[in-house]
Amino acid sequence: MSPPRERLRIALQKSGRLADASRDLLARCGLKFRESRDKLFCFGESLAVDLLLVRDDDIPGLIAEGVCDLGIVGRNVLREQAFAIADGVDAAPYRELRALGFGRCRLALALPQGQGYAGPEGLAGLRIATSYPNLLADWLRRQRVDARVVVLSGSVEIAPRLGSADLICDLVASGATLAANQLREAAALLECEAVLAGPRALPADARGDLTELLLRRLDGVLQVRD
Ligand code: ATP
Ligand code: ZN
């Protein structure tokens with residue numbers, strides 16, 4: 001565990017799909033920051049709340065290790081890593097505190113256009129390419145289907161054309177990437193959006209109070225938006 005801290009530390013994506021919306025949301029909660037020169041760290045000027053700007057993949061681990069108290073990350077990343085860090089979502093040392101309403105997409109199965117989908121049973125024996133092997137394996141287990149999971153870290157959508165997989169399991173928002181790769185969506189496994197993640201129990205110190213204050217402000221901001 002990291003040493004005790006007075007100030008609350010929130011991990012955000014440094015650049016990418018969630019970066020701007022995450023910063024905007026905290027600004028609307030009344031938080032103001034001064035950026036360090038390397039832009040990795042932002043010092044909170046209005047409250048004792050600082051930011052750490054990192055790759056989204058690092059956020060669950062930073063919370064699990066206690067390096068950061070909170071984080072804004074896609075539900076897909078949070079849940080996928082819950083299987084690496086612990087024994088799945090219910091055993092993870094963190095939980096989803098609030099759904100934030102941006103970065104919406106879904107983890108979905110997609111297959112080559114013109115190929116039929118006969119439900120989960122039809123997947124038996126097929127190779128499915130994904131960057132979310134734990135979420136996919138968990139879903140396959142629950143469907144009681146035995147398929148092969150092919151792990152790719154990127155460009156999952158070209159796997160069927162390359163012949164390295166029969167279908168894919170990937171994030172889909174508009175479906176434009178699928179269409180561009182002659183794929184069509186067959187089934188959604190998980191609805192995703194950016195979430196505020198934090199510890200199962202709030203720290204019993206100033207950081208716990210700051211978290212409660214932030215959650216109250218966040219609820220106000222999210223309510224106005226609905
Ligand atoms: P990093 O450099 O931080 O690792 P990344 O490339 O892994 O970034 P992004 O592409 O910025 O991640 O996506 C961040 C999150 O945005 C995803 O994990 C997902 O929750 C959400 N998202 C929303 N729409 C999409 C989409 N069409 N494709 C992929 N992710 C999406
Ligand atoms: Zn990432």
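By class, which residues make up the shell around ligand 1? The shell has six nonpolar, five polar and four charged residues; Ala, Val, Leu, Ile, Met, Phe, Trp, Tyr, Cys and Pro count as nonpolar, Asp, Glu, Lys and Arg as charged, and the others, Gly among them, as polar.

The model is predicted: local features need pLDDT of at least 70, side-chain atom pairs count only at pLDDT 80 or more, and totals for chains, interfaces and linings use all residues. Residues are numbered from 1 along each chain as its sequence is written, while chains are lettered from A and ligands numbered from 1 in the order in which they are written.

**View 1. Surroundings of ligand 1.** Ligand 1 is surrounded by 15 residues, a residue being near a molecule if its C-beta atom, placed from the backbone, lies within 6 Å of it. The closest are G16, R17, G74, C105 and A173. Ligand 1 lies between domain 1 (8-103 + 193-225) and domain 2 (105-192), because both give residues to its shell.

View 2. The protein chain is divided into domain 1 (8-103 + 193-225) and domain 2 (105-192), with bounds from an automatic or database domain assignment. Taken over C-alpha atoms, the centres of domain 1 and domain 2 are separated by 29 Å. Domain 1 puts 10 residues into the contact and domain 2 puts in nine residues; two residues are in contact if their C-beta atoms, placed from the backbone, lie within 7 Å. On the side of domain 1 that touches domain 2, α3 gives the most, with six residues. That side of domain 1 has two nonpolar, four polar and four charged residues.

**View 3. The largest nonpolar core.** A nonpolar core is a set of buried Ala, Val, Leu, Ile, Met, Phe, Trp, Tyr and Cys residues joined through C-beta atoms within 7 Å. A residue is buried if 20 or more other C-beta atoms lie within 10 Å of its own, exposed if 12 or fewer, and partly exposed in between, with C-beta atoms placed from the backbone. The largest core has 33 residues, of which I10, A11, I63, I72, V73, V195 and A197 touch the most other members. Elements that each supply at least two residues of this core include β1 (8-13), α1 (19-28), β5 (70-74) and β12 (194-199). Helices (H or I, at least four residues) and strands (E, at least two) are DSSP runs, numbered from the N terminus. Not counting residues up to four places away in sequence, V195 touches V73, R75, L78, E96, R98, A99 and L100. A second, separate core of 24 residues includes L109, A110, A165 and A186.

View 4. S22, L25 and L26 of α1 are buried. The buried residues line one face of the helix, because they fall within an arc of 95 degrees when seen down its axis; the arc is that of the directions from the helix axis to the C-beta atoms. Among the elements that cover them are β1, β5, β12 and α7. D20, D24 and A27, on the other side of α1, are exposed. After α1 comes G30, with a positive phi near 90 degrees.

**View 5. Two loop residues with positive phi.** K39 is not a glycine, yet its phi is positive, about 60 degrees. K39 lies in the loop between β2 (33-35) and β3 (41-44) and counts as exposed, with 10 C-beta neighbours inside 10 Å. Q182, also not a glycine, has a positive phi of about 55 degrees. Q182 is in the loop between α6 (176-180) and β11 (183-192) and is exposed, with 12 other C-beta atoms within 10 Å.
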